[in-house]
Amino acid sequence: MNFEYTEEHLAVRDAAREFAQTELLPGVIERDTHATFPHAQIKEMGALGFMGMMVDPKYNGGGMDTISYVLAMEEISKIDASASVAMSVNNSLVCWGLEKYGNEEQKEKYLKRLAKGEIIGAFCLSEPEAGSDATSQKTTAERNGDHYLLNGTKNWITNGNTASVYIIIAQTDPLKGHKGISAFIVEKDWEGFVVGKKEDKLGIRGSDTHSLMFTDVKIPVENRIGEEGFGFRLAMETLNGGRLGIAAQALGIAAGAYELALAYSKERKTFGKPICQHQAIQFKLADMATEIEAARLLVLKAAWLKDQGKEFSQASAMAKLYASKVAMDVTIEAIQVHGGYGYVKEYHVERLMRDAKITQIYEGTSEIQKIVISRGILS
Ligand code: CAA
Ligand code: FAD
C-alpha cells in the first residue's frame, strides 16, 4: 500500500490550486449572485488541459490518471463548484463515454474538440418523470431510414445552454424496457432542438441548468453510440465515473470551507483570545479535518481502483454518499465558526453550503447511492 502522491499528481494539484486562486476566486461571489456562467474561466481551463484530463493525447486529451483528475476537481471545487461541475460533466460524462464507446469518426469529429475544451458537452439522461427512476425514459428516437427522429424533453441539464454537443439517452424500442434504450450524439443547432428556461437555483448558481425540448430532431444513424439498446448500460457505466467526479467536488467544497474556517478561527478574537483557543472551536476543527480525511481516502481509493481497471462502482457510490454528507456537515460548521460573518456572502462559506447540497442530489441522490451500495453488498 502506498499513500504517496507522485510528482505528476502534485504538479497537477498545484496547477489547479494556482488556477483556482488566481482565476476563479476573483468574481466568484458576483457570478453566484448574478447566476453567471464562468465562460472565460472554462475556456482557460480547456487551454490548461482540465476539460479532457483523462482522454488519450491522440484525441487532444491530457492522458492523465483518475487520481490526477480527482485532485484537480478537489482544488477547483474549493473555490468554484459551478466551474467544477462543468469540468466534471465534460470529463466524466461526455469525453469518457465517447472515448470508450464512440467510433473513430465520432472521436475525430467530437472528442478531439471536447477534450481541448474548444467546445463543451452535456449529458442528458434525466426527464421530468425519469430522475432516480432512470429506466422510465419517455424521450423516443424512432428509426427512419438513415436517421432517427428524436422527440421528448430532458430536464436539469448541466451546461444546458453552453454546450454545443449533447449525449442524449432515448428509448428506441419501448417494448424492451431499459434494453431498448440507446445513446446519441446530438448537436445544438439541429432543427427541432430547443433550449428551455434556465433554472434559478439555490447553489452552483454559475452553472447553467436548462431543460431541453426535441421535436422531430433528425439524428443521422452514424451519431448513435454503440449498438441499439446499449444506451442504458452506457449511461450507468458513465455515471460510475461521474459519481467519482462529484465525490471529489463534494470533498473540495468541504475542504474549501474547512480551510476558511481554520484561518478565520486564528484571526477572530473573543474573550481576549483567538477563537481557535476555545475548545468548542478546536473540536469542530478536529471533526471537520477527520471527516474530510476519511472522505478523501474514499475518493482516492475509488480513483485508484478505476485506474487499476478494477470494479469501482461500489467504491464510487460510497465515496459520493459519504463525501456529499461531509460537504453538508462541514460547510454548516464552517458557517458556525464564522458566527454572523459566516451568514453573509463576503466570507464565502454560505455559498459553499448552498453549493454542497446539490452533491447529495445529482448523479444519483444519496438514497440511490445506498441502493447501488446495498445491491452490491447483497449480490
Ligand atoms: N453500473 C453498471 N451497470 C448498472 C449500474 C451501474 N452502477 N446500475 C445499474 N446497472 C445496470 C444493471 O446491471 C441492469 O442491467 P441488466 O438488466 O443488463 O443486468 C440495468 O442497469 C438496470 O438496472 P436495475 O435493474 O438495477 O434498474 P433499476 O430501475 O432497479 O435501478 C438505478 C437502477 C441504479 C436506480 C438507476 O436507475 C440509477 O442509477 N438511477 C439514478 C440516475 C442518475 O444517477 N442520474 C444522474 C443523471 S446525470 C446527472 O445528474 C449529471 C449532473 O447532475 C451533473
Ligand atoms: P426523484 O427521483 O423524483 O426523487 C425524489 C426523492 O425520492 C429523492 O429524495 C430520492 O432520493 C427519493 N427516491 C426516489 N426513488 C427512491 C427509491 N427507490 N428509494 C428511496 N428513495 C427514493 N441530469 C442529467 O441527466 N444531466 C445533467 O446534467 C443533470 N444536471 C443536474 C443539475 C442540477 C442542478 C440538478 C438539480 C439536477 C441535475 N440532473 C441532471 C438531474 C439529477 O440527476 C436528478 O435530479 C436526480 O437524479 C434525482 O431525480 P429527481 O430530481 O427526479 O428526483
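Colleague: Is Leu260 buried or exposed?

Modeller: This is a predicted model, and burial is judged by counting neighbours: a residue is buried if 20 or more other C-beta atoms lie within 10 Å of its own. Leu260 has 21 other C-beta atoms within 10 Å and is therefore buried.

Colleague: Where is Leu260 placed, and which residues does Leu260 touch?

Modeller: Leu260 belongs to helix 7, which covers residues 231–267. Leaving aside residues up to four places away in sequence, Leu260 touches Ala334, His348 and Val349.

Colleague: Which residues come nearest to ligand 2?

Modeller: Of the 22 residues around ligand 2, the nearest are Ser126, Gly131, Ser132, Trp156 and Thr365. Strand 1 (121–124), strand 3 (147–158) and helix 11 (366–378) are the elements that give two or more residues to this shell.

Colleague: How many residues of each class does the shell around ligand 2 have, and which domains each supply at least three residues?

Modeller: By class, 11 residues of the shell are nonpolar, seven are polar and four are charged. Domain 2 (122–229) and domain 3 (233–378) each contribute at least three residues to the shell around ligand 2.

Colleague: What does UniProt list for residues 122–217?

Modeller: In an unreviewed entry, UniProt lists "domain: Acyl-CoA oxidase/dehydrogenase middle" for residues 122–217. In the model, this span is 51% strand and 0% helix, and its end C-alpha atoms lie 17 Å apart.

How values were computed: Residues numbered from 1 in each chain as written. Chains lettered and ligands numbered in written order. Predicted model: local features only at pLDDT ≥ 70, side-chain atom pairs only at ≥ 80, totals over all residues. Near = placed C-beta within 6 Å. Helix = DSSP H or I, 4+ residues; strand = E, 2+ residues; numbered from the N terminus. Nonpolar A, V, L, I, M, F, W, Y, C, P; charged D, E, K, R; others polar. Domains from an automatic or database assignment. UniProt positions renumbered as here; feature names shortened; annotations may be inferred. Buried ≥ 20, exposed ≤ 12 C-beta atoms within 10 Å, placed from the backbone. Contact = placed C-beta atoms within 7 Å.
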